[in-house]
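I opened this notebook to record what I looked up in the structure. The entries follow the order in which I consulted it.

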Amino acid sequence: MHPVMWWKTKFWTKFKPDTLGVNSAHPASDRPDMQASRHPEDWCAHRFGLSAERWAHLAGRNFWVTGAGTGYGQCISLALAAAGGRVYLTGRRETKLQETVAEGCRLGIDTSLLVPLVADITSPESVNRIVAEMASYDEPLFGLVNNAALPQGGKYQYPLLNASWDEWRALILTNVDAQWLVTQQALPLMLKGNGGRVVFMTSEAGWAFTPGFGIYNVSKAAMNNLAASFAAECEAAYPDRDFQINALVPGEARTEMNQGSSVSPYTVVEMMLILLSYPRGGPNGCFFHQDGRNLQFAYAEPYSQSLLRSARLNERPK
Ligand SMILES: NC(=O)c1ccc[n+]([C@@H]2O[C@H](COP(=O)([O-])OP(=O)(O)OC[C@H]3O[C@@H](n4cnc5c(N)ncnc54)[C@H](OP(=O)(O)O)[C@@H]3O)[C@@H](O)[C@H]2O)c1
């Protein structure tokens with residue numbers, strides 16, 4: 001069986017989203033099923049579900065999206081630029097980053113807002129170089145999307161039992177170490193302003209123990225803790241600043257790492273933009289699903305309000 005189909009059979013059919021500690025006060029039914037008909041070509045009309053006020057909140061700000069040449073990262077980057085944000089696009093393959101720019105051109109987005117910065121996030125030198133390039137714009141960074149990751153791959157039925165040290169290290173290096181490095185290096189750019197928004201792209205795998213995905217499961221569980229621990233440290237270190245650091249489960253979609261899906265990676269955009277455009281006083285150290293559910297992780301209780309409702313109705317947090 002193709003490794004991705006095997007992954008889908010083993011992972012998605014065994015995993016039950018209900019086990020994520022969902023806050024049932026804010027079910028997915030809060031959101032009418034708009035996404036299926038929300039074509040990226042029509043972004044001017046639907047603004048990916050954001051209110052005009054929230055959409056305007058993204059304009060003129062600077063964002064860094066890792067893994068921006070493919071999949072979710074490409075969709076998130078294009079939506080941010082459509083809203084008028086400048087987006088630093090990071091990935092190892094320049095051709096993929098240029099594909100994101102070309103797609104922006106096709107969608108009628110101002111491509112001067114899309115800035116490709118080729119970098120390997122597992123290399124401190126590479127990350128330092130592009131952080132210096134971002135700093136040269138002399139504007140604060142407002143948002144970081146920690147999206148780049150490696151998948152488990154289908155080489156082993158039982159990777160925890162059989163993978164080599166180098167295979168374990170490669171996945172943990174990208175999905176954990178590099179996420180810490182990128183976030184740590186981005187924070188000084190955010191402190192040039194009043195704070196910022198960081199969203200970690202996690203996965204249901206971070207809550208699951210599915211055989212065959214052990215290393216990836218561990219990496220996403222570690223990423224969850226990294227997100228909440230960064231949130232707690234920043235709140236303690238910068239009590240007067242406006243940091244919101246959260247984790248988002250994107251569900252599943254057809255991307256380079258998941259060729260077995262037929263779901264569009266644009267499905268993650270609405271919740272991502274809601275988190276990145278949240279006014280002061282929003283969630284920090286919380287966990288969300290792209291379908292609008294508020295999740296529990298470890299000691300972190302589900303956030304108390306529906307983000308979808310607040311973004312649609314222009315409500316300010318109470
Ligand atoms: N698709 C799904 O069903 C699904 C489900 C749950 C969670 N996720 C999560 O969603 C996020 C995005 O994944 P995706 O599905 O959009 O898959 P994808 O298309 O494979 O995207 C992964 C991106 O990460 C980049 N990347 C990998 N290693 C890198 C490195 N060392 N330095 C810089 N960039 C690197 C890749 O670009 P280069 O190779 O050019 O560097 C690629 O653009 C990941 O965190 C993934 O775990 C996906």
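How many nonpolar, polar and charged residues does the shell around the ligand have? I counted 10 nonpolar, 15 polar and six charged residues, where Ala, Val, Leu, Ile, Met, Phe, Trp, Tyr, Cys and Pro are nonpolar, Asp, Glu, Lys and Arg are charged, and the others, Gly among them, are polar.

Entry 1, provenance. I note that this is a predicted model, in which local features need pLDDT of at least 70 and side-chain atom pairs count only at pLDDT 80 or more, while totals for chains, interfaces and linings use all residues. Residues are numbered from 1 along each chain as its sequence is written.

I looked up pLDDT, the predictor's confidence in each residue, from 0 to 100. The protein averages 90, and 86% of the residues score at least 70. Over residues 1–34 pLDDT stays under 50. For residues 1–34 the model has 49 contacts beyond four places in sequence; a contact requires C-beta atoms, placed from the backbone, within 7 Å.

I found 11 helices and eight strands, taken as DSSP runs (helices H or I, at least four residues; strands E, at least two) numbered from the N terminus. Of the 318 residues, 47% are buried. I use buried for 20 or more other C-beta atoms within 10 Å of a residue's own, exposed for 12 or fewer, and partly exposed in between, with C-beta atoms placed from the backbone.

I list 31 residues around the ligand, of which G67, G71, R92, A149 and T255 come nearest; the criterion is a C-beta atom, placed from the backbone, within 6 Å. Helix α4 (71–82) and strand β2 (86–91) each supply at least two shell residues. The largest share, three residues, comes from α4.

K96, L97, T100, V101 and G104 are the buried residues of α5. They lie on the same side of α5, because they cover an arc of only 150 degrees around the axis (directions from the axis to the C-beta atoms). These buried residues pack against α4, β2 and β3 (114–118). On the other side of α5 I find T95, A102, C105 and R106 exposed. After α5 comes G108, with a positive phi near 75 degrees.

I located K155 in the loop between β4 (143–146) and α7 (159–162). K155 counts as exposed because it has 10 C-beta neighbours inside 10 Å. The C-alpha atoms of K155 and G212 are separated by 9.3 Å, at 57 residues apart along the chain.

Note on methods: Two residues are in contact if their C-beta atoms, placed from the backbone, lie within 7 Å.
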